[in-house]
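Hi everyone, thanks for coming.

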Amino acid sequence: MTEITLEIVRQRAEADARTYGYYLNPDPQFLQSLLEGLKKNEERYGYPSCPCRLASGKFEFDRDILCPCDYRDPDVAEFGACYCALYVRKDIYEGKTELKPVPERRPLEKQARAYGAAASPTETKREPETVTTTKEEVQEVSDTKPKLWYCKQCGYVVFRDEPPYTCPICKAKKEMFTEIKTQIDFIG
Amino acid sequence: MQVSKVSGQKRQHKVVLYALSTCAWCKLTKQFLKDNDIEYEYVDVDLCEEEDKQKIRQHIQSKGGPLSYPTIIIDDNMLITGFRKDKLKEALGL
């Protein structure tokens, strides 16, 4: 396995910012500390989860906070920066707009996954899925069954337990995603 | 739970900071408190055991806060989410 260096982390972030028309945080010290956080997370979890959010360490629970997270695009559009302020809009980069803390957009039930399996009883459970199988699975990760989803606006297809917050291709909202039902028949 | 204590000359408030070891905003908050000579305690939540994470979650939520970091609890009754200099200054009388 190739060693993760700060330079790799930086180059990856720079390339991603360029692709999407964003900028990296203009404060060199702040940026450095974010990149170090990303590096540390990649080293200890095996993937670069958001340095400013508590990760569970389980990939399937943290998928939405892998940097660049699912919430980056709507946050940069609305607040000028993503939650941790690694990615910023041009006006923030140029200092024309003041950078303020960005409120958490990630749903609470997803955040709760990082605090262990014993959820508090008052917590609202995720809505029951329409289960087609007859067997009821009571496994710990039974609520994360990946499915195929497609964006009705641009056709982007993704294999996840639920659709992304926004479509990474055309920026359509989550509601524009529909599940693709597949059926496999074994004959003979 | 690994609670780290940072000493300072200003001790009129009990300041508890819940932070993440990787979070840049948390680092700024620690620096701000230190620069202002505030005595405080902090916990890097990502380095805690599962059991302690649960306790921290309950503590933050019992004060009505969201599970965001940094979370600063002053005198066990006031909670500030995020690195908000203005609010910190007001609460700590700076």
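Let's begin with B:Thr71: is this residue buried or exposed? B:Thr71 counts as buried because its relative accessibility is 0%, where buried means under 20% relative accessible area, exposed means over 50%, and partly exposed is in between, using a 1.4 Å probe and protein chains only. Before I go on, please keep in mind that this is a predicted model: local features need pLDDT of at least 70, side-chain atom pairs count only at pLDDT 80 or more, and totals for chains, interfaces and linings use all residues. Residues are numbered from 1 along each chain as its sequence is written, chains are lettered from A and ligands numbered from 1 in the order in which they are written, and side-chain values use heavy atoms, with hydrogens and water left out.

Back to our residue. B:Thr71 sits in strand 4 of chain B; helices (H or I, at least four residues) and strands (E, at least two) are DSSP runs, numbered from the N terminus. Which residues does B:Thr71 contact, leaving aside neighbours within four places in sequence? They are B:Val16, B:Leu17, B:Tyr18, B:Ile60, B:Pro66, B:Leu79 and B:Ile80, with contact meaning heavy atoms within 4.5 Å. Take B:Tyr18 from that list: it lies 53 residues from B:Thr71 along the chain, yet their C-alpha atoms are separated by 5.1 Å.

Now the sheet around it. Chain B has an open sheet of five strands in the order 1-3-2-4-5, with mixed pairing; two strands pair if DSSP finds at least two bridges between them. Strand 1 (4-6) and strand 5 of chain B are at the edges with a single partner strand each, so one side of each has no neighbour in the sheet. On average, neighbouring strands here are turned by 20° against each other, direction ignored. Strand 2 and strand 4 of chain B run antiparallel and are joined by four bridges. One pairing you can look for is B:Val15 with its bridge partner B:Ile74 in strand 4.

Helices pack on this sheet too. Helix 1 (residues 24-35) of chain B touches strand 2, strand 3 and strand 4, and its direction makes about 160° with that of strand 2 of chain B. These axes are lines fitted to C-alpha atoms, for helices over the stretch in contact, and angles run from 0 to 180 degrees between N-to-C directions. Helix 3 (residues 85-92) of chain B touches strand 2, strand 4 and strand 5, and makes about 160° with strand 5 of chain B.

What about helix 2 of chain B? This helix (residues 50-62) has 13 residues and reaches 18 Å from its first C-alpha to its last, close to the 18 Å expected at 1.5 Å a residue; the expected span is 1.5 Å times one less than the number of residues. Its buried residues include B:Ile56 and B:Ile60. The buried residues of helix 2 pack against strand 2 (15-19), strand 3 (40-44), strand 4 (71-74) and strand 5 (78-81) of chain B. After the helix comes B:Gly64, with a positive phi near 80°.

In soluble globular proteins, nonpolar side chains tend to be buried together. Here, the largest nonpolar core has 62 residues, and those with the most contacts inside it include A:Leu86, A:Tyr87, B:Ile56 and B:Tyr69. A nonpolar core is a set of buried Ala, Val, Leu, Ile, Met, Phe, Trp, Tyr and Cys residues joined through side-chain atoms within 4.5 Å. B:Tyr69 touches residues of chain A, among them A:Leu54, A:Tyr83 and A:Tyr115, as well as residues of chain B such as B:Tyr18 and B:Ile56. A second, separate core of six residues includes A:Trp149 and A:Val158.

That brings us to chain A, with six helices and five strands. Buried residues make up 39% of its 188 residues. Three of its strands form an open antiparallel sheet in the order 4-3-5. Its edge strands are strand 4 (157-160) and strand 5 (177-180), each pairing on one side only. The twist averages 35° from one strand to the next. Strand 3 and strand 4 of chain A form a hairpin with five residues between them, and A:Gly155 in the turn has a positive phi of about 90°. Across this pair, A:Lys147 stands opposite A:Arg160, and A:Leu148 stands opposite A:Phe159.

In a regular strand the side chains alternate between the two faces of the sheet. You can see that in strand 4 of chain A: A:Val158 and A:Arg160 are on the covered face, while A:Val157 and A:Phe159 are on the uncovered one.
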